[in-house]
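Let's walk through this structure together, starting with a pocket and moving on to a pair of packed helices. Have the model open beside you as you read.

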Amino acid sequence: MATLEKIRSKSVLLIVVIGVALLAFIVGDALTNGQNLFGDPTTVAKVDGEKIDVTEFQRKLEERSQQNQNSQRQMDDQALTEQVLNEMIMEKLLNSAIEKLGISASSEQLRKHMFENFQNQDVAMLVQQMNAVGMNAQTPAEAHDMIFNPKKYGLSESQVGGLQAAWIGMENAAKEQIKLRTYANLMQNTFKANDLDKKALHDDINISYNIKLAYKPYGQIDEGKYPVSDEELKAEYAKIKEEYKLNEPTKSIQFISVSIAPSDADIKASKELARDVVASLKEKNDISKDLKANGVISNHKVLRAKDITGATKAFVTSAPIDSVSIVREDINGFTVVKVGKKSEEVDSIQLNLVNVVGDKLPAKVLASLNSGISLDSIQNVYKDSVMVQKEMWQQLITAQGRAMIDKNQVDTLLNAGSNYFEFMKQPQGAVLVQVIKKNAPVAVYEYEEASYTLAPSNATINAEREKLEKFIAENSTAAKFVENASKAGYAKVPYLVNASTPAIGSAQMYQPNSRPVVKWAVLDANVGEVSEIFESLDGTRPQLYVAAVEAEFDSYLPFNYSTVKSSLERTVRNAKVAEEMAKTIAAKKTVDEIAEALGVTVSERTVEFGNPNKMGDAETLGKVVTTAAGKPVVVVKGKNGIYAFEVVSTTDNKLEFDDSKYEQQYAGKHRPDYEKIFKGNKNIENNILKFYGGK
């Protein structure tokens, strides 16, 4: 009983201890994974409440990353993350639209896609795999019958179980493709020109307006002479507020990037290293382990004269053997060369190749060829047992050096006569070769090349970091950060960032490894805060980043945001100047009088409504085409200047009506923003930064 009482008396304390421990575990786990304690730990985004799971996203990202690595024009990995998510969001939106319209794949569409679509690589590959294991199916239809009626072909269910699952998977994927294609065709045919549209495009360029024009740009306006009040800015902002609508919560930041170049000490050390490399190459044909440890890379080169460039070519082709020289030394490092031997070598030969299958047949084919039978006849006689390659050039020396061919094989080719001979043989067959032509020998140079890429040392990086840390310590608020950055020698750049921002910068060039700055600003920072230093130490020019959050916006950029304000001020000032100009010419009756009053020259122009670039101002062009010839002068206060014109005459260009031409023009002029259409007012929640915010 006493023991039981003790347990009872301490039960409250035990509950509290256990509760605290559990809370610490849960919070710790949430913080470790960078996820909201009460949020969904596996949802990378939501589209109108429908989740995109992080596992599926990760699978697609890995696929695209692999494709990106193999691409000739690689995309920034930071941008790729956002692109993959946007594609998955669009997929959800498309599937939702398809479902609402009730679009489905018919059995006939599915049959054609699986059995008659020669572009269906998945089915073709499956058929190949079946043939490779002895299931000799000639067509997709036969493969399908074999997979789902195995007894008919003497097969067991266990032999085709995996194939059945694969086929069903391909059918499901095909159904989605068919539905998507049907919907895409429907959308494409929705946005097409009707007869009135096409006639309007024809009429827009068929009538030309011959005008006399006086134009004076507003130019650089004295801000002191034309002040702009907040009331005026707000009034102008109200007219165009929708232009500044935001798709998601956004923060305004000021960003500093410090690109670290090698210091004078680093450059001096590089020069000393270059001299050490020269000494090492003079003593032996290689560089020491210590030099390699310092980043010097050594390569033995064997190149034709035409493949050597610049200062290296000038030195290698003229200096004596064993000469050593620094052929390049600059802010990027150095290159040291030691001259080796020069030789004259055949760099390419032309061959006839005959691949022969089997163990005994090659000898028979070889005898036939050397008896004078042509290659075409050999192919006809032996059919699939031989494969012929005529007049093929084989490079022995390329722009990268000697080809990866065994020296004995090269010697055999170079010393061969005009007959065919057995070049390679294996139990499965042989390669028969005839040398047709050998190029004349060319100069080939051998040399040792040692190169070093100069990057800032750790000491240089640390010095820049300490300087930036000092600036942050002294300017720990966004206001001070903005006020004093330039004084401290730092160039600050404004950016708007949100959950959909891939990294700092633009699509043309994102700052490397700057995604963590976006994550900090969007998820962790409050207005007025300054970040710690973020690093991008890859490459030869490391960078340090720091940012300050100036403001955050939910729905719209406000009228007093820097870029919005400057645009509004320019519009309001232009309107004031336009009004002033209009008063000075109010009493003038002709274009010539107005031009004289404005101090400009009259020009004569021919314009069409369908060619807005000829005028440069849409409002003025609209007034031109609605003004009859001979009417009084029209004055337009344009966006960038004041226009005064009179329509002298109009010309009917008598253009033929080409239906297909104007249909194409309409398609080019009216390209719908499908992404905007699909998104509409749907609620899209982007949690990507919680999972992929960089390191």
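Begin with the largest pocket of this predicted model, which has a volume of about 700 Å³. Its lining is made up of 17 residues, and those closest to the pocket centre are Asn-247, Glu-248, Glu-675, Lys-679 and Ile-684. If you trace the lining back to secondary structure, you will find that helix 4 (77-101), helix 24 (674-679) and strand 23 (684-686) each supply at least two of its residues. Helix 24 gives the largest share, with 3 residues.

Now turn to a helix pair. Two packed helices are described by the angle between their axes and the distance between those axes. For helix 9 (residues 195-206) and helix 23 (residues 659-669), the angle is about 90 degrees and the axes are 9 Å apart. Angles of 65 to 115 degrees count as roughly perpendicular, so helix 9 and helix 23 are roughly perpendicular to each other. On the helix 9 side, the contact is made by Asp-197, Lys-198, Leu-201, His-202 and Ile-205, while helix 23 brings Asp-659, Tyr-662, Glu-663, Gln-665, Tyr-666 and Lys-669. By class, this contact has 5 charged, 4 nonpolar and 2 polar residues.

Leaving aside residues up to four places away in sequence, Lys-198 touches Ala-193, Phe-657, Asp-659, Tyr-662 and Glu-663.

How values were computed: Residues numbered from 1 in each chain as written. Predicted model: local features only at pLDDT ≥ 70, side-chain atom pairs only at ≥ 80, totals over all residues. Heavy atoms only, no water. 1 Å grid on protein atoms, 1.4 Å probe; cavity = no way out; pocket = protein on both sides within 12 Å on 5 of 7 lines; lining within 4 Å. Points joined across faces, edges and corners; volume = space filled by probe spheres on them. Helix = DSSP H or I, 4+ residues; strand = E, 2+ residues; numbered from the N terminus. Axes fitted to C-alpha atoms, helices over the stretch in contact; angles between N-to-C directions. Parallel < 35°, antiparallel > 145°, perpendicular 65-115°, else oblique. Contact = heavy atoms within 4.5 Å. Nonpolar A, V, L, I, M, F, W, Y, C, P; charged D, E, K, R; others polar.
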